[in-house]
Amino acid sequence: MGRAADWTYPLAAVALALLAWHGAVAALALPPYLVPAPALVAERLASDAQLLLRHGAVTTFEAVGGFLLSVVVGVPLGMALVWSRVLEKSLMPLLVVSQSFPKVAVAPLIIIWFGLGVAPKLLIGFLVAFFPVVIGTIAGMRSVETDVLDLARSMQATPLKAFLKIRLPFALPQIFSGMKVAVAFSTVGAVVGEWVGAESGLGYLLLWANANLDTPLLFAILVCLMAIGLVLYYGVALAERLALPWHVSMRAAEPGSTL
Amino acid sequence: MTSAAAQDAAASIALRGVGHRFAGSAGAVEALRGIDLAVAPHEFVAVVGPSGCGKSTLMRIVAGLVRPSAGEAAIGGAPVDCPHPDVGIVFQRPVLLPWRSVAGNIAMQLEMRGIDARSEAGRISALVKLVGLEGFERALPHELSGGMQQRAALCRALVHDPAILLMDEPFGALDAMTREQMSLELQRIWLERRKTVLFITHSISEAVFLADRVAVMTPRPGRIAAVVPVALPRPRGFAVIEDRAFTAAVRAVRGHLDAAGMVE
Ligand SMILES: Nc1ncnc2c1ncn2[C@@H]1O[C@H](COP(=O)(O)OP(=O)(O)OP(=O)(O)O)[C@@H](O)[C@H]1O
Ligand SMILES: [Mg+2]
């Protein structure tokens, strides 16, 4: 399959969806406060660009911050759990329990504790995003085969060298998988944090638009959130591609490969 | 003792009363029992035995990767309790790092040992040439055939110029034709470098073709049933298969395997 085809399919799908949307609004004569036509949403995107950009920047900052926090904490935590059985036995159940209730439910508490600023959003983003990073790291570190560990020992590698040059690179593909899930979650975390209490951000703007029945603005905000999510996800995917050009998952799309 | 003689002695392997038990999930498994075997400096000894008789375990004990539960292994007269610096290992699978090129994988051995790999670039390219991988220094492992991968692994085992080479069924995963070619190449390398080699295989003819002596193991718990000397001059070509000494050695090895309760 050629390069052009990779782009034409999703583009055609989006164009078709927009056309169907437009057709439905026109045919059913839906009022803009229920479902605005695509053109109207585009208009709002343009006319309110300043506003959307300002609030979008806040949300992006919170999402990226929450994501980075989850990586900075999640990767070392996952490694520590693999390193020590005692740590794993004592911490893993707590981690699992912490994931089994909806983190959205603790958001109000966090707002009470930390106020309306950026910090509580980072914390909520971190809370929803760090678990996949931990799980990815653990799975990655465990996936290193005994053969490879034997090889490292036979070469008389110091533990640090064996870790940096062998174990970590082997674990990276799974760590990246965890990070791709995490980056999607952290945007959700930021918006939830803004819903519960904030003075800026797309989540805050969303509530405002909703309260004023400004549905075209609401749709424009959704488009912005989608764009942020896409950019962040593909940012991580690009980092993965650059870091792991050797990995099977990166070779799957090689021209000439068949399934 | 002259220093050359001292260096010689350092290249010997001795196993004394080595036994090993695994506390496996299906109860304890006795893999090895009472193994006595000495490999002289520069000697090529092959070990043959049925699957699961403890060959890999034996090699891992010599390599210092497993501690025997009875007896001891010694290299150069000193007991082995951790991987010895003067040993190179070729595992049953190539075990190459997928993100490193052929040269990078070979250099790994040096980097891990704290040797500057860049100053040894000449040694790496000489080895690559020796095993016939010129032109593939910068290829990644997935771009190589199985035989080429195993050659790269052989280079990695040789690059720090160890006196002892341990090989665990290194050609086991290759097709018969590549295998024969690899045997020839290994012989050539051995003639050139004269390492002490412990070579594990389940192919009787491969063992006889390559070795000075062939140690035959019994089924589990693995013991040494017999050691068959191979009195054939080197270099040996494929014509040697017709040689009476060759067929006699093959028959002797097969006889000991049969007597030990194992028909191949
Ligand atoms: N880590 C382990 N834990 C438990 N049992 C083991 C372990 N490693 C090996 N064994 C057992 O020890 C015995 C010998 O294993 P080993 O791998 O040394 O055999 P082998 O002669 O190399 O076999 P093959 O020719 O198939 O490679 C086997 O029966 C195996 O079940
Ligand atoms: Mg084996």
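A:D147 is partly exposed, with a relative accessible area of 23% (buried means under 20% relative accessible area, exposed over 50%, and partly exposed in between, with a 1.4 Å probe and protein chains only). This is a predicted model, in which local features need pLDDT of at least 70 and side-chain atom pairs count only at pLDDT 80 or more, while totals for chains, interfaces and linings use all residues. Residues are numbered from 1 along each chain as its sequence is written, chains are lettered from A and ligands numbered from 1 in the order in which they are written, and side-chain values use heavy atoms, with hydrogens and water left out.

**Salt bridges**

- Over all chains, the search of the whole structure finds 18 salt bridges, each being a side-chain nitrogen of Lys or Arg within 4 Å of a carboxyl oxygen of Asp or Glu.
- A:D147 forms one of these with B:R93, the closest N and O atoms lying 2.9 Å apart. Because A:D147 belongs to helix α7 (residues 146-154) of chain A and B:R93 to the loop between β6 (87-90) and α3 (102-112) of chain B, this pair joins two chains; helices (H or I, at least four residues) and strands (E, at least two) are DSSP runs, numbered from the N terminus.
- Within chain A, A:E240 and A:K180 form a salt bridge whose closest N and O atoms are 2.8 Å apart. A:E240 sits in helix α10 (residues 215-243) and A:K180 in helix α8 (residues 159-196), so the pair ties together parts that are 60 residues apart in sequence. Both A:E240 and A:K180 are buried.
- In chain B, a salt bridge of 2.7 Å, N to O, brings together the side chains of B:R234 and B:D212. B:R234 lies in the loop between β10 (224-229) and α8 (244-259) and B:D212 in the loop between α7 (204-210) and β9 (213-217), so parts that are 22 residues apart in sequence are tied together. B:R234 counts as partly exposed, at 23% relative accessibility.
- A:R44, A:D48 and A:D214 are joined into one network by salt bridges that share partners.

- An oxygen atom of ligand 1 is 2.6 Å from an N or O atom in the side chain of B:S51, and for the side chain of B:K55 the corresponding distance is 2.7 Å. In the side chain of B:R220, an N or O atom is 2.6 Å from an oxygen atom of ligand 1.
- The protein covers 65% of the 630 Å² of accessible area that ligand 1 has on its own.

**Backbone features**

- B:E169 has phi near 40°, a positive value in a residue other than glycine; its place is in the loop between β7 (164-168) and α6 (176-193) of chain B, and B:E169 is buried, with a relative accessible area of 10%.
- A:L213 has a positive phi too, near 50°, in the loop between α9 (202-211) and α10 of chain A, and A:L213 counts as exposed at 57% relative accessibility.

**Aromatic pairs**

- The structure holds ten aromatic pairs over all chains (rings of Phe, Tyr and Trp, its six-membered ring, pair if their centres lie within 6.5 Å; planes under 30 degrees apart count as stacked, over 60 as edge-to-face and the rest as tilted).
- A:W246 and B:W99 form a tilted pair, 5.1 Å centre to centre with 50° between the planes. This pair crosses between chains, from A:W246 in the loop between α10 and α11 (248-251) of chain A to B:W99 in the loop between β6 and α3 of chain B. A:W246 and B:W99 are buried.
- The rings of B:F44 and B:F199 have centres 5.7 Å apart and planes at 45°, so the pair is tilted. B:F44 lies in strand β3 (residues 44-48) and B:F199 in strand β8 (residues 196-201) of chain B, so the pair ties together parts that are 155 residues apart in sequence. B:F44 counts as buried at 1% relative accessibility, and B:F199 is buried with a relative accessible area of 0%.
- Ring pairs link B:F44, B:F171, B:W190 and B:F199 into a cluster.

Methods. A polar contact is a pair of N or O atoms within 3.5 Å; within protein, one must be able to donate a hydrogen and the other to accept it, and residues adjacent in sequence count only if both atoms are side-chain atoms. Accessible areas come from the Shrake-Rupley method with a 1.4 Å probe; for residues, only the protein chains shown count as cover.
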